[in-house]
Amino acid sequence: MSTPMVDVHGVHKSYGSLEVLRGVDLKVQPGEVTVIIGPSGSGKSTLLRSINHLEKIDRGYVAIDGEFVGYRRSGDRLYELRERDILRRRTQIGFVFQNFHLFPHLTVRENVTEAPVSAQGRPRDEVEALTTELLEQVGLSGKADAYPRQLSGGQQQRVAIARALALRPKVVLFDEPTSALDPELVGEVLEVMQALARGGTTMIVVTHEIGFAREVADTVVFMDAGQIVEHGPPGQVLDRPGHDRTRAFLSKVL
């Protein structure tokens with residue numbers, strides 16, 4: 001078996017007395033799309049943020065392509081890296097937030113080029129050429145000089161996807177990327193994500209879009225109370241769930 005692109009092992013995370021993640025194990029192979037579903041408060045977003053070390057886990061580890069995220073190993077112990085080394089490793093992981101998180105004072109082009117140039121030190125002309133390609137890929141080639149306030153929510157989210165891809169990441173994480181959008185704008189974002197999946201991008205997607213999970217996912221993961229309750233192919237988890245909690249959840253959302 002090849003090295004997983006994402007390897008989450010025994011991850012625990014608490015906020016005070018509240019245990020949000022309780023021993024989560026998850027492996028995602030290169031080119032796979034994993035969709036995580038579950039009720040609010042089940043730990044889905046915390047898991048995503050732990051994968052790129054926006055949340056510091058209490059126990060366990062996360063590795064991307066065999067390399068620990070946020071830590072180095074010395075003997076049997078893990079030690080947190082210096083901030084600059086954490087930031088360097090984090091650039092291997094694209095992250096698309098539900099509320100876009102674009103820089104309002106930068107144009108679309110500048111939002112996409114900023115991180116590869118400043119955080120990765122790549123040549124500006126190379127990144128700008130890539131930005132032109134990415135904006136065309138997400139259907140926004142005519143909006144390069146616009147500012148976020150001049151765009152619809154769906155367009156802003158597509159800029160956020162292009163920005164994540166500009167880092168040339170090994171995996172892209174999506175945290176409920178359509179939940180802040182008006183219903184008529186959801187489709188345009190999902191179409192871009194479907195194209196990425198067809199192109200072999202390794203993706204982990206937290207979403208309430210069950211139709212997207214059914215059509216695009218290689219693996220569907222159902223989380224509840226900080227644990228993975230059930231996981232498998234979409235046809236198994238969504239149509240023939242083996243756990244009562246999964247069936248109860250799906251009965252309310254399908």
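Q: Is Phe 100 buried or exposed?
A: In this predicted model, Phe 100 is buried, because its relative accessible area is 12% and buried means under 20%.

Q: Where is Phe 100 found?
A: Phe 100 is in the loop between β8 (93–96) and α3 (108–118).

Q: What about the phi of Phe 100?
A: The phi of Phe 100 is positive, about 70°, although Phe 100 is not a glycine.

Q: OK, and what is the phi of Arg 168?
A: Arg 168 has a phi near 55°, which is positive, and Arg 168 is a residue other than glycine. Arg 168 follows α5 and lies in the loop between α5 and β9 (171–175).

Q: Buried or exposed, that Arg 168?
A: Arg 168 counts as exposed, because its relative accessibility is 53% and exposed means over 50%.

Q: And α5, how many of its residues are buried?
A: In α5, 14 of the 14 residues are buried, so α5 is largely enclosed by the rest of the structure.

Q: What span should α5 have, and how far apart are its end C-alpha atoms?
A: Helix α5 covers residues 153–166, which is 14 residues. At 1.5 Å a residue, α5 should span 20 Å, and its end C-alpha atoms are 20 Å apart, so the two agree.

Q: Changing topic: at what angle do α3 and α4 pack?
A: The angle between α3 and helix α4 (residues 124–137) is about 130°, and their axes are 9 Å apart. The two helices are therefore oblique to each other.

Q: Left-handed or right-handed crossing?
A: The crossing of α3 past α4 is right-handed.

Q: Which residues make the contact?
A: On the α3 side, the contact is made by Val 108, Arg 109, Val 112, Thr 113, Pro 116 and Val 117. On the α4 side, the residues are Arg 124, Val 127, Glu 128, Thr 131, Thr 132 and Leu 135.

Q: Now the rings. How many aromatic pairs are there in the whole structure?
A: A search of the whole structure finds three aromatic pairs. One of them is Tyr 61 with Phe 68: the ring centres are 5.3 Å apart and the planes are at 80°, so this pair is edge-to-face.

Q: Is Phe 68 buried or exposed?
A: Phe 68 counts as buried, because its relative accessibility is 16%.

Q: What about Phe 95 and Phe 97, stacked or edge-to-face?
A: Phe 95 and Phe 97 are stacked, with 4.3 Å centre to centre and 20° between the planes. Both Phe 95 and Phe 97 are buried.

Notes. Residues are numbered from 1 along each chain as its sequence is written. This is a predicted model: local features need pLDDT of at least 70, side-chain atom pairs count only at pLDDT 80 or more; totals for chains, interfaces and linings use all residues. Side-chain values use heavy atoms; hydrogens and water are left out. Rings of Phe, Tyr and Trp (its six-membered ring) pair if their centres lie within 6.5 Å; planes under 30 degrees apart count as stacked, over 60 as edge-to-face and the rest as tilted. Buried means under 20% relative accessible area, exposed over 50%, partly exposed in between (1.4 Å probe, protein chains only). Helices (H or I, at least four residues) and strands (E, at least two) are DSSP runs, numbered from the N terminus. The expected span of a helix is 1.5 Å times one less than its number of residues. Axes are lines fitted to C-alpha atoms, for helices over the stretch in contact, and angles run from 0 to 180 degrees between N-to-C directions. Angles under 35 degrees count as roughly parallel, over 145 as roughly antiparallel, 65 to 115 as roughly perpendicular and the rest as oblique. A crossing is left-handed if the near helix is turned anticlockwise from the far one by less than a right angle, and right-handed if clockwise. Contact means heavy atoms within 4.5 Å.
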